[in-house]
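Subject: Structure for you to look at

Hello,

Here is the structure I said I would pass on. My notes on what was found in it follow below.

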Amino acid sequence: MREEERNEALWRFGAYIFLMVIVVLVLIPLYWMIVAATIPQSEFFSWPPRLIPGLQWFDNFQALQENVDFLNSIGNSIIIAVAYTALSLVLCSMAGFAFAKYEFRFKEPLFYFILATLVLPIQLLIIPLFLLMVQIGWTNSYLAVILPWAANPLGIFLMRQNMQAIPESLLESARMDGATEFQLYYKIALPTMLPSLAALSIILFLNQWQAFLYPLVILQDPQMYTIPLALAELVGQQRVYFDQIMVATSLAVTPIFVVFLTMQQYFIKGILSGSVKQ
Amino acid sequence: MVLAAIQSRVRSSTAYRQLSDQVRYTRQGISDNVPTIPGLPYAYISPFFILFGVFLLFPTLYTLYLSFFNYVGVSNDILLQIQAGPLTVSIPAIANLEFVGLSHYERLIFRDSLFHTSLFNTSFIFLVQVPLMVGLGLATALVLDSKFIRAKGLFRTLIALPVATGLVAYSTIFLLLFNDQVGLINYALVQLGLSPVAWLGSAWGARITLVIAVTWRWLGYNMIILLAGLQTVPQQLYEAAEIDGASRWQKFRYVTLPQLRPVLLFVVVSSTIGTFQIFSEPYVITGGGPSNATITIVQYIYNQAFLQLNLGYASAVSVILVLIVSAMSIVQIHYGGDQDA
């Protein structure tokens, strides 16, 4: 019995050590980002390297802003990600509502057809979308980035799944009270779907916030660059300013960290309800 | 198939059953839900389908079409003219194309050594990274699922933190960490009495750097999915195994693993699809180098299409990529799926 207890204690100790090691490995890159963003460029080449954050963040930020207009890129990213998320939420929730709560011809085939396209990788679409945008003169525009994935197959799938749980009696009694069909959608369905909408908006927003390949193809004017494009531009410069890059990176990830830490349950709900990687 | 497996798991949970019972009871005695406005459902779905058709369906088919052509240039021709009363709508042709049949595919499969290199690099990342990450993710999820662990929420939050970092953003951090001269990793190696490694300056160093970076980014993501899977394993099964005197390993082998199979399969398939589409990391961290040692398939598509404007050829690469990914997924689902059913 004593032997067993000792084994159990050892096992528990090992489990904690394992978790600690994983946590440290996960945190080192993030810690290093903070260090690198807050020390002057000259200290990058000192040996041994500096291991403690400095106070130079704002100076580094000013140097970054003089080098590339990063604030402008943040603005572009916000406009694109917010507009994309809003548009996609409307499209997916409306269509999802119809698929969950109405009967109509071709309902099943249409839905399974959309589901089948969930597996289509983004790379398959980029070349024709590029040609299309060149032909209609939409390159370097917000719309060209916002529209293509707004009709999101995953979004419609999630919305339909969740809206099926809305009780028919709720819709029926609203009809009795004289609600129009459209009011059923935005006064009954949408408010009851808030947690699902929150989870979906996090997926959509994050996908657009970090989208790289497609914007790289479509947005060639530096004035239109989103955050990932501006970061790639900095990395590709003749002389690599790690202090500026890390300031830019810290600006790119901090808002998402805040969302993650404050709305973690929706974040996790989003991850669990489907995995979309762009 | 994977989705179905997960759905069936969700359906078997008690919360879902209660909810669906509730829905079923309330449905009884109520007339079928016929919309009062005919065609209303179509009004709800048409905005979605218009965008879907123009920006997802059409491009997919067009990529397949384009893979049999050489791209010559932008076209000024009119593809289609629609006369609707006084209104004339003309749809311009998308591009000037020259038909080449299957020659793109023939060149890709038999003669294009750079494509073969990109295939090798991507396969290497896949073969090392997916088992490493799924193994680590499973170990982390198992430990975190143990009853005795305190502060589970805190551990989970910290390990899942990379999920919130953008792909290019985290890649820049790894570019700095693994820098051969000023990187923290080489400093740590020297401090430990080891010799520094040419992480980004050598072929294998660069490949391993990518494996480590991708594992860092997606470990927490997969852990969250596996943890959710573990929490659906019925507690009675463990209790029954304990009564039978099963060891910790036996409980894992004969209870956890079979129960977790659908979720594990989902994680493996989605990670496989993910690694075959990897682009941002090699673009930022290694630039595909040194001397193409880390160029991936998607990077090759990007280079062919947008640096050399071989749009037809790049389309053929895209089609082959989709075929590879689909084949991999089908094989994994076939061998990993419903064997216990």
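In this predicted model, 39% of the 341 residues of chain B count as buried. The secondary structure of chain B comes to 14 helices and four strands. Taking the contacts in chain B with a separation of 6 or more, 69% are between residues 24 or more positions apart.

The UniProt record, an unreviewed entry, places the feature "transmembrane region" at six spans of chain B, among them residues 157–178 and 260–279. In the model, residues 157–178 of chain B are 68% helix and 0% strand, with the end C-alpha atoms 25 Å apart. For residues 260–279 of chain B, the figures are 85% helix, 0% strand and 30 Å between the end C-alpha atoms.

Chain B also touches chain A. The contact takes 82 residues from chain B and 75 residues from chain A. Helix α3 (residues 40–66) of chain B gives the most to chain B's side, with 16 residues. By type, that side of chain B divides into 63 nonpolar residues, 18 polar and one charged.

Next is the largest nonpolar core, which has 171 residues. Those with the most contacts inside this core are A:A95, A:L231, A:A248, B:F48 and B:V317. Helix α9 (residues 203–231) of chain B gives the most to this core, with 15 residues.

Which residues is B:F48 in contact with, leaving aside its neighbours within four places in sequence? They are A:L91, A:C92, A:A95, A:A151 and A:I156.

Regards

Technical notes:
Residues numbered from 1 in each chain as written. Chains lettered and ligands numbered in written order. Predicted model: local features only at pLDDT ≥ 70, side-chain atom pairs only at ≥ 80, totals over all residues. UniProt positions renumbered as here; feature names shortened; annotations may be inferred. Helix = DSSP H or I, 4+ residues; strand = E, 2+ residues; numbered from the N terminus. Contact = placed C-beta atoms within 7 Å. Nonpolar A, V, L, I, M, F, W, Y, C, P; charged D, E, K, R; others polar. Buried ≥ 20, exposed ≤ 12 C-beta atoms within 10 Å, placed from the backbone. Core = buried A, V, L, I, M, F, W, Y, C linked by C-beta atoms within 7 Å.
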